[in-house]
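Please look over the sequence and the structure shown below before reading on. The briefing is meant to be read beside them, residue by residue.

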Amino acid sequence: MKPVISIIIPIFNCDKYLNRLINSILNQSYQNYELILLNDGSTDNSASILEKFKDKRIKLINKENTGVSDTRNQGLALATGELICFLDSDDYISPNYLETIIEYFTKNPEIELLNFAFYSETENSKLKRISFDKISFKEKYYKNKAELKKDFIALWDNTMLYNIWNKVYLKRIINENKIKFIGHNWGEDVLFNQTYLKFINNFYNSNKAFYHYIREREGALTKNYKENLFSIRKQEYYDFNNYFKEFYDLNNTDYLEFSSRRFIERMLGCIENIYCIKMSFHKRYKEIERIIKDPLTRETLKKVKPKSKKTKIALIPIKIKSTLITMFMGKTFHYIKIKHPSIFNSLKNRR
C-alpha cells in the first residue's frame, strides 16, 4: 500500500535522541506512512543506532555531509506520500499525531496547509521533561487569502508560521511549484514557509499540540556562538518587511510594529550571543556598543510596543545607550540560559 504520509528527518550527530524520536514514530496509532531518515555524515553513533531499526516503512540514507537544506531536499525527492511532514532529530511526537492529521484531511480534504500548536520544552540529561509551554493560536480554517490576511501578522507574532516541523504540506504543491530549501546560514524554515504560502489558497490552524520541541537542555555547559548574528538579524528585518508588503500588500501600520519588535527581541539575543565566546572586555564592549547604537536599532526602538514588563525593563539600558548596563544584562541572560534553561525558555516564550 502506498504511504499517505512521508516523514522526512535530517540527522547529524544526535545519537542521544534518536531512539526516543524514532520510537515515537513507530508507535503511532496510524501506520500508513513512510519514514525517510537521512544521516547527513554524522560522526557520532547515529549511523549504528539507525541501522538497528528494521521496519519496512523506513528508508535509511547514509550520505556525506551537505547541510540540512540539501538533505531535506533529498528527502523530498524520495518521498512518495501525498502529505509531507518534517521532524527535527532531537525532538519527538505524541502517539496520536499522525492519526489526527488524517482526521483533519478526511474532514476537510481541500486543506493545502495544516498547522499545529506545539510544546516548547526543556529537559534534563536523562531526557526527562522539566518544564514546557504550549505555543498555540486559535483554531480556525482560513478558506481563502482574504480571511488569512486578517490574522496573518498575528499568526507570525504567535510563532505559528516560522517552523516546518509543526506543519503538514502537500507534496503536489511542492512539486508543481518546485519549492525547495535554500542553503542559508539562517532561516531556511522561514524561507520555505514563505514560498509555500505564496502558492496556497487556504490554511488550517489547529490549537492541538503533538510536537515536542526541545528548546533548551539542562546541564549544557556551552552554547554555540553564531558569527555575524546581528547582520543576519538586520537582513531578516528587511526581508520580512518586503515579504509582508509584496505578498499580502499589507499597510506599513499592519506589520511595522511587529517586525520592529521581532528585530528588537532578536537584537537582545545578539547581545546574549556575544557571551557565548571568549572575548576581551574591550572587544565585547565595542561589539555591544555597535549593536545598541546601530541606526536600525535606534529606528525600530521608536516603533516597538513591548508585550511584557520584562521586555520593557530589558530595553531601558538600550534606550538610554548605556553599554555597561547592557553588558551586565547580556551576561545575566547568558548565565540564565546556561544554568537555568527552563527559566530562559519561559522568558523567551513570554517576551
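This is a predicted model: local features need pLDDT of at least 70, side-chain atom pairs count only at pLDDT 80 or more; totals for chains, interfaces and linings use all residues.

The largest nonpolar core counts 101 residues, among which I5, I7, I101 and W156 touch the most other members. Helix 7, which spans residues 188-198, is largely enclosed by the rest of the structure, because eight of its eleven residues are buried.

**Helix 7 and its contact with helix 3**

- The buried residues of helix 7 are E188, D189, V190, F192, N193, Q194, Y196 and L197.
- The axis of helix 3, which runs over residues 68-78, comes within 11 Å of the axis of helix 7, and the two cross at roughly 45°; helix 3 and helix 7 are therefore oblique to each other.
- On the helix 3 side this contact is made by V68, S69, R72 and L76, and on the helix 7 side by E188, D189 and F192.
- By residue type, the contact of helix 3 with helix 7 divides into three nonpolar, one polar and three charged residues.

**Helix 13 against helix 14**

- Two packed helices are described by the angle between their axes and the distance between the axes.
- For helix 13 (residues 323-339) and helix 14 (residues 341-349), the axes come within 5 Å and cross at roughly 120°, and these two helices are therefore oblique to each other.
- Helix 13 brings F333, I336, K337, I338 and K339 to the contact, where they meet P341, I343 and F344 of helix 14.
- The residues of the contact of helix 13 with helix 14 divide into six nonpolar, no polar and two charged.

- Leaving aside neighbours within four places in sequence, S94 is in contact with Q28, F210 and H212, and a polar contact of 2.9 Å joins the side chains of S94 and H212.
- Although S94 and S29 are 65 residues apart in sequence, their C-alpha atoms are 9.8 Å apart in space.
- S131 has its place in strand 7, residues 129-135, and is buried, with a relative accessible area of 19%.
- The side chains of S131 and T122 are joined by a polar contact of 2.4 Å, and beyond neighbours within four places in sequence, S131 is in contact with S120, E121, T122 and S342.
- N163 lies in the loop between helix 5 (145-157) and strand 9 (167-170), and counts as buried at 15% relative accessibility.
- When neighbours within four places in sequence are left aside, N163 is in contact with F118, Y169, D189 and N193; D189 and N193 are among the buried residues of helix 7.

**Residues with a positive phi**

- Most residues other than glycine have a negative phi.
- N228 has a positive phi of about 60° although it is not a glycine, and its place is in the loop between strand 10 (203-217) and helix 8.
- K321, also not a glycine, has a positive phi of about 60° and is found in the loop between helix 12 (309-319) and helix 13.
- With a relative accessible area of 45%, K321 is partly exposed.

- N242 is placed in helix 8, residues 229-247, and is partly exposed, with a relative accessible area of 40%.
- N242 and T43 are 199 residues apart in sequence, and from C-alpha to C-alpha they are 40 Å apart in space.

Conventions:
Residues are numbered from 1 along each chain as its sequence is written. Side-chain values use heavy atoms; hydrogens and water are left out. Contact means heavy atoms within 4.5 Å. A polar contact is a pair of N or O atoms within 3.5 Å; within protein, one must be able to donate a hydrogen and the other to accept it, and residues adjacent in sequence count only if both atoms are side-chain atoms. Axes are lines fitted to C-alpha atoms, for helices over the stretch in contact, and angles run from 0 to 180 degrees between N-to-C directions. Helices (H or I, at least four residues) and strands (E, at least two) are DSSP runs, numbered from the N terminus. Angles under 35 degrees count as roughly parallel, over 145 as roughly antiparallel, 65 to 115 as roughly perpendicular and the rest as oblique. Ala, Val, Leu, Ile, Met, Phe, Trp, Tyr, Cys and Pro count as nonpolar, Asp, Glu, Lys and Arg as charged, and the others, Gly among them, as polar. Buried means under 20% relative accessible area, exposed over 50%, partly exposed in between (1.4 Å probe, protein chains only). A nonpolar core is a set of buried Ala, Val, Leu, Ile, Met, Phe, Trp, Tyr and Cys residues joined through side-chain atoms within 4.5 Å.
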